[in-house]
Amino acid sequence: MSAFLIVNGIPFPAPCRGFKVSVLTNVESGVNAYGAVVGQVIGRNQYKLDSMQWEGLDAAVWERMLQAVEPFYVPVAFEDPQTRRRRTVTMYPGSRAGEPYWLDKEKKIKMYRNCQMNLIDCGWE
């Protein structure tokens, strides 16, 4: 497993094609007396690791990934697209989903497919 993404100390495999890193800039804005938009940046850029999907994951791997986000607010290390350097920020998980795909002889899930997760920046330093 690669260390493409490290969530709460747990390395995650690289997600499938379609994964997006969104960079959000918060702006306080309004309109002045001339009708022109005026604004200023508030805080730092924030990130959303969006549309992360894995086609097939061993049940134990998916379990570790889900447990990594269990505390809700977790440190996430990823490559910042603006600097191409690893950056760590506190994030929280959005919805998580996975389809049970393969069962063992005891009817216990051995593999999941179409596993999905999003991680959203809290904005804290």
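Does Arg-113 count as buried, partly exposed or exposed? Select Arg-113: it counts as partly exposed, at 34% relative accessibility. Here buried means under 20% relative accessible area, exposed means over 50%, and partly exposed is in between (1.4 Å probe, protein chains only).

Before moving on, some housekeeping. This is a predicted model, where local features need pLDDT of at least 70 and side-chain atom pairs count only at pLDDT 80 or more, while totals for chains, interfaces and linings use all residues. Residues are numbered from 1 along each chain as its sequence is written, and side-chain values use heavy atoms, with hydrogens and water left out.

**Stop 1: the partner of Arg-113**

(A salt bridge is a side-chain nitrogen of Lys or Arg within 4 Å of a carboxyl oxygen of Asp or Glu.) Arg-113 lies in strand β9 and Glu-99 in strand β8 (residues 86-103), so the pair ties together parts that are 14 residues apart in sequence. Strands here are DSSP runs of E with at least two residues, numbered from the N terminus. Glu-99 is partly exposed too, with a relative accessible area of 33%.

**Stop 2: the other salt bridges**

The structure holds four salt bridges. Pick Arg-44 and Asp-121 next: their side chains meet in one of them, at 2.8 Å from N to O. Now select Lys-48 and Asp-50, whose side chains meet in a salt bridge at 3.9 Å, N to O. Lys-48 is partly exposed at a relative accessible area of 26%, whereas Asp-50 is buried at 16%.

**Stop 3: the sheet**

Go back to the cartoon and follow the strands. An open sheet of seven strands has the order β2-β1-β7-β8-β9-β6-β3, with antiparallel pairing. Two strands pair if DSSP finds at least two bridges between them. Which strands are at the edges? They are β2 (10-12) and β3 (20-24), each of which pairs on one side only. On average, neighbouring strands of this sheet are turned by 30° against each other, direction ignored. That angle is taken between axes, which are lines fitted to C-alpha atoms; angles run from 0 to 180 degrees between N-to-C directions. While you are looking at the strands, a general point: in a regular strand the side chains alternate between the two faces of the sheet.

Now zoom in on β1 (residues 5-7). Three bridges join β1 to β2, and the two run antiparallel. Select Ile-6 and you'll find Pro-11 of β2 opposite. Two bridges join β1 to β7, again antiparallel; here Val-7 has Val-76 as its bridge partner in β7.

From β7, step across to β8. These two pair in the antiparallel sense over six bridges, and Val-74 stands opposite Met-91 in β8. β7 and β8 form a hairpin with six residues between them. In the turn, click on Arg-84, which has a positive phi of about 60°.

**Stop 4: the aromatic rings**

How many aromatic pairs does the structure hold? There are seven. Rings of Phe, Tyr and Trp (its six-membered ring) pair if their centres lie within 6.5 Å; planes under 30 degrees apart count as stacked, over 60 as edge-to-face and the rest as tilted.

One of the pairs is Tyr-47 with Phe-78, an edge-to-face pair at 5.2 Å centre to centre, with 65° between the planes. Tyr-47 sits in strand β6 and Phe-78 in strand β7 (residues 74-79), 31 residues apart, and the pair links distant parts of the chain. Both Tyr-47 and Phe-78 are buried. Next, select Trp-54 and Trp-62: their ring centres are 6.4 Å apart and their planes are at 50°, so the pair is tilted. Trp-54 counts as buried at 3% relative accessibility, and Trp-62 is buried at 3% as well.

**Stop 5**

For the last stop, select Phe-72, Tyr-73, Tyr-92 and Trp-124, which form one aromatic cluster. Finish on Trp-124, found in the segment after β9 (109-121). Trp-124 is partly exposed, with a relative accessible area of 43%.

Note on methods:
Helices (H or I, at least four residues) and strands (E, at least two) are DSSP runs, numbered from the N terminus.
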